[in-house]
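Open the model in your viewer and keep the sequence panel beside it. The tour below goes stop by stop, saying what to select and what is found there.

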Amino acid sequence: MKIYAGICREDLHKTDSGGESVPRGRYGGDVLEYQALYRKYRPQTFDEVIGQAHITTTLAREIADGRVAHAYLFSGPRGTGKTSTARILAKALNCENRHADGSPCNECGSCEAITQGTSLDVLELDAASHNSVDDIRDIKVSVATVASAATSKRVFILDEAHMLSKAAGNALLKTLEEPPDHVHFVLATTEPYKLLDTIRSRTQRFDFHPVPAEELAGYLSTTADREGYKTDPSALIGIARHASGSVRDSLSLLEQVSALGAGTVDMAGVRRALGLADSEVFLRLANAVAGQDAKAALELVAELSADGVDLRRFVAECVGFFRGVFLAHYAPNLAEISDEPPEVYESWKKAAELIPAGDVLRGVDLLGGALVRIREGREERLMTELALIKLTRPETASDPESLIARMDRLERRMGKPAEVPKVGEGSTTAEPPGAIASVVDGPDPSATTAKEERPAGKELAEAAAPLVSDDGPAEEPEAPAIDITFEQLQKIWPGLFGGLRDVLGARRWAFFREAVPAGVEGNIIVLEVAHEFHLSALEQDDAVSKIVATKASDLFGSPVRVEFRSKQGQPAGVDRETRIDMSQLEERPDAETDPTALLAAELGAEVVDE
């Protein structure tokens with residue numbers, strides 16, 4: 001049994017002189033045994049071009065009015081109809097029985113020849129393989145050749161025109177600007193910005209847009225009905241969204257899924273063909289992030305990998321999911337700013353209730369960075385797991401955003417300190433809730449004992465972050481705030497000061513490096529700044545104090561706060577040089593070294609007098 005190409009099989013069989021049924025092409029001509037769907041259903045009239053009415057209507061009107069330009073530039077994403085529209089334009093220019101609206105008849109000899117690719121008046125060239133000056137010279141010779149008939153037009157279709165070399169583009173300029181009256185050029189490209197400005201200025205440009213998902217899904221439904229496929233509307237929408245507005249990609253994917261499902265196109269087949277994850281996977285990831293459950297996140301990756309899910313595509317979809325969650329935080333009506341099904345909006349809203357906006361943005365950054373590394377060739381599963389671990393356990397990352405996230409978690413767990421009323425306004429005492437009470441009323445003896453038994457420099461994450469066990473995340477123990485001494489601050493200051501340079505960044509470090517420790521008040525570190533400009537910048541940037549406090553908390557093993565104050569004079573014993581061993585600071589330059597002596601010692605060089 002042979003499979004014949006055509007739009008409607010019942011319309012393709014003609015009867016020859018012997019009475020035998022002979023398959024014919026869509027507009028005449030012999031039929032190949034099989035054609036891919038995107039070739040089988042290539043548009044043959046302006047009305048059949050999907051999603052580009054702003055272009056086809058203009059071209060048809062120009063042809064009907066006899067105001068056709070000598071050169072056109074068709075630009076746009078792949079699979080949106082650039083080359084097909086160029087062929088239809090060539091048909092309309094040479095059609096013997098053209099309709100009044102400018103559309104070709106697709107029945108005359110010229111239309112059939114162009115459809116079958118045998119017309120001598122239409123030359124299609126691939127600029128990727130015809131990009132030299134010699135190739136342009138051959139085009140110039142062809143331009144001087146007369147058309148096949150007195151009323152015919154010669155149309156040169158130059159595909160992937162951005163591949164022309166600079167010399168070839170310059171050689172084409174004169175012919176492109178002033179071709180003979182019977183010659184028209186159509187340049188098609190996906191990257192118009194790579195074309196010479198002089199070429200773009202000599203053409204009439206049309207930008208092809210990605211086809212909207214709903215319109216593309218409707219076209220796929222019509223095509224599937226013609227092919228006799230059993231389809232699920234959600235599967236067609238999934239194919240259309242994955243195609244990103246490309247008609248050719250969507251038809252190729254429809255063909256692939258139908259072959260996988262033996263003529264049935266459903267969502268399960270789409271996921272299998274594309275390696276997609278189920279929609280509920282993203283809500284599971286949101287729950288893992290909200291619960292700081294690294295174990296659940298790693299188990300999710302293992303499960304997806306075992307099911308054959310494309311992890312690279314999964315990471316890309318995670319970026320899109322977190323983008324939607326961020327929109328759900330600030331957009332009351334998601335349907336006005338996004339193009340997704342209602343169930344997707346619901347999942348975004350549910351995740352937004354679980355994850356704070358700051359963590360959502362951090363997720364976009366981490367997953368986006370992982371996607372870049374995967375595209376560079378790094379191992380997919382490892383990059384995915386590292387990104388999810390950093391997302392669910394901020395203490396494993398050292399970037400400023402992760403430090404701020406850790407500080408925010410600590411503040412939420414400890415509670416906000418109550419506001420101390422002014423004298424004469426109500427009660428004269430106020431006890432802050434939670435662990436802050438120990439700061440106001442004095443250190444808790446049990447907390448002090450725990451502090452003495454705990455080694456200095458222990459990571460705060462070990463006390464504050466949730467621990468992963470076989471039974472899931474454990475309860476987060478609260479780290480009590482204790483008083484610190486100025487001697488303790490002097491001891492850890494070199495490590496604290498030297499370790500903040502890379503974390504703060506160049507701009508914040510330029511301000512912070514002017515700060516010197518002046519004292520401690522309970523669990524508050526007081527840093528003095530001499531210049532008012534620097535002090536103002538540090539006070540206005542809350543991130544600096546949070547980052548410094550988080551680092552200091554790691555070194556002290558207890559939550560601390562940081563305050564910047566103006567430097568009023570130079571108290572005795574406060575000078576940094578006298579209080580701190582500057583040799584411990586990372587940024588202190590080495591002693592001056594004689595270059596000549598260094599070369600002689602290391603390389604055995606000798607000084608030669610000329």
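Select residues 532-540, which form helix α24. This helix lies across strands β13 and β14, and its direction is at about 150° to that of β14. Everything shown here belongs to a predicted model.

Now select the strands under that helix. They belong to an open sheet of three strands, in the order β12-β13-β14, with mixed pairing. Strands β12 (515-521) and β14 (561-566) stand at the edges with a single partner strand each, so one side of each has no neighbour in the sheet. From one strand to the next, the twist averages 30°.

Zoom in on β12 and β13 (residues 524-529). The two run antiparallel and are joined by six bridges. Look for Glu521, which stands opposite Ile524 in β13. Between these two strands there are two residues, and the whole forms a hairpin. Gly522, in the turn, has a positive phi of about 70°.

**The parallel sheet**

Next, select the open sheet of five strands. What is the order of its strands? Reading across, it is β4-β5-β6-β3-β7, and the pairing is parallel. Its edge strands are β4 (122-126) and β7 (204-207), each of which pairs on one side only. Here the twist averages 15° from one strand to the next.

Select β3 (residues 71-75) together with β6 (residues 183-189): five bridges link them in the parallel sense. Tyr72 has Val186 in β6 as its bridge partner.

**The largest pocket**

Move on to the largest pocket, which has a volume of about 1200 Å³.

Five helices can be coloured here: α9 (233-243), α11 (267-274), α12 (280-290), α14 (311-330) and α15 (342-354). Each supplies at least two residues of the lining. By type, the lining divides into 16 nonpolar, eight polar and 10 charged residues.

**Confidence**

Finally, colour the chain by pLDDT. The mean for the protein chain is 75, and 73% of its residues reach 70 or more. Select residues 1-29, where the pLDDT is below 50; this stretch has 55 contacts in the model beyond near neighbours in sequence. Then select residues 584-589, also with pLDDT below 50, which have 10 such contacts. Where pLDDT is low, the predicted coordinates should not be read in detail.

Conventions: Residues are numbered from 1 along each chain as its sequence is written. This is a predicted model: local features need pLDDT of at least 70, side-chain atom pairs count only at pLDDT 80 or more; totals for chains, interfaces and linings use all residues. Side-chain values use heavy atoms; hydrogens and water are left out. Two strands pair if DSSP finds at least two bridges between them. Helices (H or I, at least four residues) and strands (E, at least two) are DSSP runs, numbered from the N terminus. Axes are lines fitted to C-alpha atoms, for helices over the stretch in contact, and angles run from 0 to 180 degrees between N-to-C directions. Contact means heavy atoms within 4.5 Å. pLDDT is the predictor's confidence in each residue, from 0 to 100. On a 1 Å grid over the protein atoms alone, a cavity is a set of points where a 1.4 Å probe fits but cannot get out, and a pocket is an open set with protein on both sides within 12 Å along at least five of seven lines; lining residues have an atom within 4 Å of a point. Grid points are joined across faces, edges and corners, and a volume is the space filled by probe spheres set on the points. Ala, Val, Leu, Ile, Met, Phe, Trp, Tyr, Cys and Pro count as nonpolar, Asp, Glu, Lys and Arg as charged, and the others, Gly among them, as polar.
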